[in-house]
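Visitor: Please take one part of this chain and look at it closely. I would like to know how its pieces are placed against one another.

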Amino acid sequence: MDLTETQISSTPIDHSNFLHIDCDHIRLPNGNEQTRVVVRHPGASCVLAVTPENKVVLVRQWRYAVGHDTLEIPAGKLDEGEDPAVCALRELGEETPYTAERVEKIAHFYSAPGFCNEVLHLYRAVNITPTSTLSPDQDEFVETEFLSKDEARAAIAAGKILDAKTLIALQFWLAE
């Protein structure tokens with residue numbers, strides 16, 4: 001069965017900052033027509049960083065959309081034309097006291113494919129050192145936290161880590 005939905009037209013709802021929100025008129029596989037609201041996002045990179053003491057580096061920050069703080073791996077939006085690996089290295093240095101010699105790709109995935117085209121590129125930081133000058137974006141307020149594997153498992157079980165990219169990254173780490 002062909003599951004393809006085809007765009008007939010697109011009407012901008014909001015094209016501010018880096019997000020584009022559109023209402024698309026589409027044709028369904030059965031020929032019927034429907035509308036879809038789509039959030040178009042430039043993509044992002046996230047980085048799993050583990051200290052020499054085998055503790056994962058996380059950031060705690062307020063997330064207005066959910067109304068509370070979250071515990072997450074460092075991550076950020078791709079700048080136009082930016083290599084996702086470069087973005088991962090930049091975000092690690094901006095949000096934590098650490099830099100990495102390099103990063104290695106683990107996976108890429110959609111954040112919410114039901115309404116958004118954002119692709120997240122997940123990397124593992126290699127040879128991290130506490131040499132960052134910590135320069136979060138002007139609207140970013142973050143605290144660095146460190147968890148061992150046992151502490152990460154307990155935090156997940158207790159519902160203290162709810163961010164999808166972080167759960168995916170931690171599953172890779174915990175499975176090693």
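Guide: In this predicted model, the C-alpha centres of domain 1 and domain 2 lie 30 Å apart. Domain 1 covers residues 6-40 and domain 2 covers residues 44-175. The contact between them involves 5 residues of domain 1 and 4 residues of domain 2. The size of an interface is often given as the accessible area lost when the parts come together. For domain 1 and domain 2 that buried area is about 370 Å², and carbon and sulfur atoms give 64% of it. On the side of domain 1, F18, V39 and R40 supply 79% of the area buried against domain 2, more than any other three residues.

As for the whole chain, its C-alpha trace spans about 60 × 35 × 30 Å along the principal axes. The secondary structure comes to 3 helices and 10 strands.

Two packed helices are described by the angle between their axes and the distance between the axes. Helix 2 is formed by residues 149-157 and helix 3 by residues 164-174. They pack at an angle of about 140°, and their axes are 11 Å apart. Helix 2 is therefore oblique to helix 3, because only angles over 145 degrees count as roughly antiparallel. The crossing of helix 2 and helix 3 is left-handed.

The residues that meet there can be listed for each helix. Helix 2 brings K149, A152, R153 and I156, and helix 3 brings L167, L170, Q171, W173 and L174. By class, this contact of helix 2 with helix 3 has 6 nonpolar residues, 1 polar residue and 2 charged residues.

Methods
Residues numbered from 1 in each chain as written. Predicted model: local features only at pLDDT ≥ 70, side-chain atom pairs only at ≥ 80, totals over all residues. Heavy atoms only, no water. Axes fitted to C-alpha atoms, helices over the stretch in contact; angles between N-to-C directions. Helix = DSSP H or I, 4+ residues; strand = E, 2+ residues; numbered from the N terminus. Parallel < 35°, antiparallel > 145°, perpendicular 65-115°, else oblique. Left-handed = near helix turned anticlockwise from the far one by under 90°. Contact = heavy atoms within 4.5 Å. Nonpolar A, V, L, I, M, F, W, Y, C, P; charged D, E, K, R; others polar. Domains from an automatic or database assignment. Buried area = accessible area lost by both parts, 1.4 Å probe.
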